[in-house]
Amino acid sequence: MPFSATDHAHMARALALAERGLFTTQPNPRVGCVIARGDAVVGEGWHQRAGGPHAEVFALRDAGERARGATAYVTLEPCGLHGRTPPCADALIATGIARVVIAAVDTSQAEGAGLARLRAAGIAVEPGLMREPARALNPGFFSRIERGRPYVRVKLAMSLDGRTALANGASQWITGEAARADVQRWRARSSAILAGSGTVLADNPRLTVRLPAGEDFTPPLRVLLDRDLRIPARFHVMDGSAPTLLLHDRVIPAPAPVPVPEGIEHAGVAVDGNGRLALDEILALLAARGVNELHVEAGPRLGGALFAAGLADELLLYIAPTFLGDQGRPLMALPTLDAMADRWQLQVFDQRMVGPDWRLRLRSAA
């Protein structure tokens, strides 16, 4: 049976509610729930923080007795197994919900555990309404579950002539204040922020989130790739102001060139044939830690390596209406191509002005 206009309206509202957890739910997905009787909404809720009640529980509390015989619209399949909280499928069953409309199936649950529990209780279950928007709200969660690695978003900023810094390395600031504030929101929605030692040594960034007062977020993990332990303890990323993971070569001569400060977590990983820390191993390690969306702020070598290896799911590119000259530093270090047929083709799937700058979101067109 096709979904009605009312079904679409209620699911659109559930997706808007889910987005309220954009900065706070990791490693859990962002989920919203609406409980309705016909056109009338009787309860609403969204997942607010990992370890806390899920969206369905908040919506059921809001609805109270009005939930009996109603329809629940949920952006992700209700959980059917005990985790940090009891199964949401059981809560829906206990309150007498008659029908559950689901946007996306939760592929982290074996064989649709939530769907099976609901159907076994005699509840009408209808999945698939607005599935793609629901998955798009949680690209990192589905990437981690289905591919065993985070969704990788590489943030870049360049001039109109494709330069990221002057020839002497100066890069602050290419873009304007509005673009830099926009970047903070992309950092806030990420589970982790990754940078290489070259970027850290050149810019001494903090790699933390700075949002307006009152906006809640879960601090992302800072991930530093420092193969030979070159980052000194005096740098901002070593100050303990955010959870930090330092990744280095498994084989470090003793004593280490720069001792790792106390309180900074660190681990060794393999080095690949190009002399870089193995990117596949790093992404698998981060997925095992529950990292969903990985925000990368890197120089041309690391950014180029991720892109060339097919590991950059998205490029978040800011373009400033300025020129830095032909001796400026390039956007990404990529292999030389001999034929135009070999060029990397990208697809722009979002574009807008942010202050005086352009912001493009791109992915591979392949």
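Mentor: A nonpolar core, as used here, is a set of buried Ala, Val, Leu, Ile, Met, Phe, Trp, Tyr and Cys residues joined through side-chain atoms within 4.5 Å, where buried means under 20% relative accessible area, exposed over 50% and partly exposed in between, with a 1.4 Å probe and protein chains only. This is a predicted model, in which local features need pLDDT of at least 70 and side-chain atom pairs count only at pLDDT 80 or more, whereas totals for chains, interfaces and linings use all residues. Residues are numbered from 1 along each chain as its sequence is written, and side-chain values use heavy atoms, with hydrogens and water left out.

Trainee: Which residues have the most contacts inside the largest nonpolar core?

Mentor: They are Met11, Ile35, Ala72, Leu92, Ile97, Val100 and Leu118, in a core of 36 residues. Its largest share, five residues, comes from strand E4, strands being DSSP runs of E with at least two residues and helices runs of H or I with at least four, numbered from the N terminus. Leu92 itself is in contact (heavy atoms within 4.5 Å) with Glu56, Leu60, Ala72, Pro78, Ile97, Val100 and Leu118, leaving aside neighbours within four places in sequence.

Trainee: Why is Thr71 called buried?

Mentor: Its relative accessible area is 12%, and the limit is under 20%, so Thr71 counts as buried. Thr71 lies in strand E3 and, neighbours within four places aside, is in contact with Val34, Ile35, Ala36, Arg99 and Val101.

Trainee: What makes the pair of Phe141 and Phe142 edge-to-face?

Mentor: Rings of Phe, Tyr and Trp (its six-membered ring) pair if their centres lie within 6.5 Å, and planes under 30 degrees apart count as stacked, over 60 as edge-to-face and the rest as tilted. The centres of Phe141 and Phe142 are 5.5 Å apart and their planes stand at 75 degrees, so the pair is edge-to-face. Phe307 and Trp344 form an edge-to-face pair as well, with 6.0 Å centre to centre and 65 degrees between the planes.

Trainee: Why does Trp344 count as partly exposed?

Mentor: Trp344 has 35% relative accessibility, which falls between the limits of 20% and 50% and therefore makes it partly exposed. Phe307, at 12%, is buried.

Trainee: How do you know that the charged end of Arg135 sits over the ring of Phe142?

Mentor: The criterion asks for NZ of Lys or CZ of Arg within 6 Å of the ring centre and within 35 degrees of the ring normal. The charged end of Arg135 is 4.1 Å from the centre of the Phe142 ring and sits over it.
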